[in-house]
Amino acid sequence: MAEARAHGFVYASKKRPGSDDADGGEDAMVVAKKQMISGPVAGVWEDPAAALAGARHEFGEHGGVNMSIEASATFTVMEPETMRRMFTGELGPDRDFFIYSRHFNPTVLNLGRQMAALEGTEAAYCTASGMSAISSVLMQLCSSGGHIVASQALYGGTHALLTHFLPRACNITTTFVDIRDHAAVAAAVVQGRTKVLYFESVSNPTLTVADIPELCRLAHDKGVTVVVDNTFAPMVLSPARLGADVVVHSISKFISGGADIIAGAVCGPAKLVNSMMDLHQGALMLLGPTMNAKVAFELSERIPHLALRMKEHCNRALTFATRLKKMGLKVVYPGLEDHPDHVLLKSMANKDYGYGGLMCVDMETEERANRLMHHLQNVTQFGFMAVSLGYYETLMSCSGSSTSSEMSEEEQALAGISPGLVRMSVGYIGTLEQKWGQLEKAIARMGEFGLLKKN
């Protein structure tokens, strides 16, 4: 692939002229370089909201303030020779030449620019789901016989991918470690075989916070690539700024905010993202987890107010966690001063975004967890029993029997997942005091039935 193309999927150029001559390409690359100055490429970091505001704004075809949706699956050319030049990589999206939407699509490309700005990376590519982003990047970085070191506290689907699918289908194995135990992480790295250190910035569902700078230093000293899932903490944490090589997201969650879209993203160096789109060896190109352009348009309209939404998610989570703790409940939330990772998170977090929009209440047994959720949904209308997170309503689930059910009881115990752990993605609908009243009432009902076990 041509080097110019490596930057193209982040910063598409102006509309091409009437012929297939590549006029304007040089100007496009100048624009690209100017836009990249504010990011980590130049050693400078902005607030994620400021970085998003500084990203290129794509206008509509007829001057609309919103970009047009490029719904085409395939793209035409003016001259026959142009097709050959596109397939050799001589002409590409950096000069507004497109082949097929599984490869690059202008609308999806724009969302990629926004994701790169959000995470402070050189490039980003958006996919059909978070799991497709994770699996594609791991298969790109690891070949048969490769090895991954990963946190033992992970989303159940990711744990299943690493434990079962990759060993069977790709001969890629994983060693799971306590990500807080840096000596164990270092010891698990196999020189010459370990290609990736993989962890979540804030773990699902235990809310363990990873020491991103130290883990990156440790991995890089051993020549290992660091991949961080930042789904739980967009805006709150910026793993690339802290040293991570690649950041993955399930955009379906906080970034979407509507519980109506499945999507993912890979954010990282242009060289890596470009290799993932290679016509012969690219995991994204050949596995084809393509995002629909209409979905990309929807998401691009939501990202500008992500900062406002995250601040309210985090504010309410901290308020509810603080009050529940005062009531004597066993609450897990990294914004609480007694959380073992509170000081660490505070040292890494972007200013003014809080400590995350998720909290956990440990009811110790699945029966008590289920009764609490029953009261919260069916009696006081505090939230919904549902998986996923980042919705404007509060979503809650008993992790051990739902989103972590792919893990055995032993694996759950190692990850610190209690059978009665209720994960809550705190929403922002209604007033704070209105929702607190509903939460408080459900807790009181649990006490009346003798089902409340306090610290």
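The model is predicted, so local features need pLDDT of at least 70 and side-chain atom pairs count only at pLDDT 80 or more, while totals for chains, interfaces and linings use all residues. Residues are numbered from 1 along each chain as its sequence is written, and side-chain values use heavy atoms, with hydrogens and water left out.

**Helix α12**

- Helix α12 spans residues 293-302; helices are DSSP runs (H or I, at least four residues), numbered from the N terminus.
- Its buried residues (under 20% relative accessible area, 1.4 Å probe, protein chains only; exposed is over 50%, partly exposed in between) are A293, A296, F297, L299, S300 and R302.
- These buried residues pack against α5 (106-119) and α13 (306-326).
- At the start of α12, a side-chain oxygen of N292 comes within 2.7 Å of the backbone nitrogen of K294.

**Salt bridges within helices**

- The whole structure holds 14 salt bridges, each a side-chain nitrogen of Lys or Arg within 4 Å of a carboxyl oxygen of Asp or Glu.
- R302 and E298 are four residues apart, about one helical turn.
- An α-helix has 3.6 residues a turn, so residues three or four places apart point the same way.
- In α4 (residues 80-87), R84 and E81 are three residues apart, and the closest N and O atoms of their salt bridge are 2.3 Å apart.
- E214 and R217 lie three residues apart in α9 (residues 212-221) and form a salt bridge at 2.5 Å between the closest N and O atoms.

**A salt-bridge network**

- R56, E58 and R113 are joined in a network of salt bridges.

Technical notes:
Helices (H or I, at least four residues) and strands (E, at least two) are DSSP runs, numbered from the N terminus. Contact means heavy atoms within 4.5 Å. A polar contact is a pair of N or O atoms within 3.5 Å; within protein, one must be able to donate a hydrogen and the other to accept it, and residues adjacent in sequence count only if both atoms are side-chain atoms.
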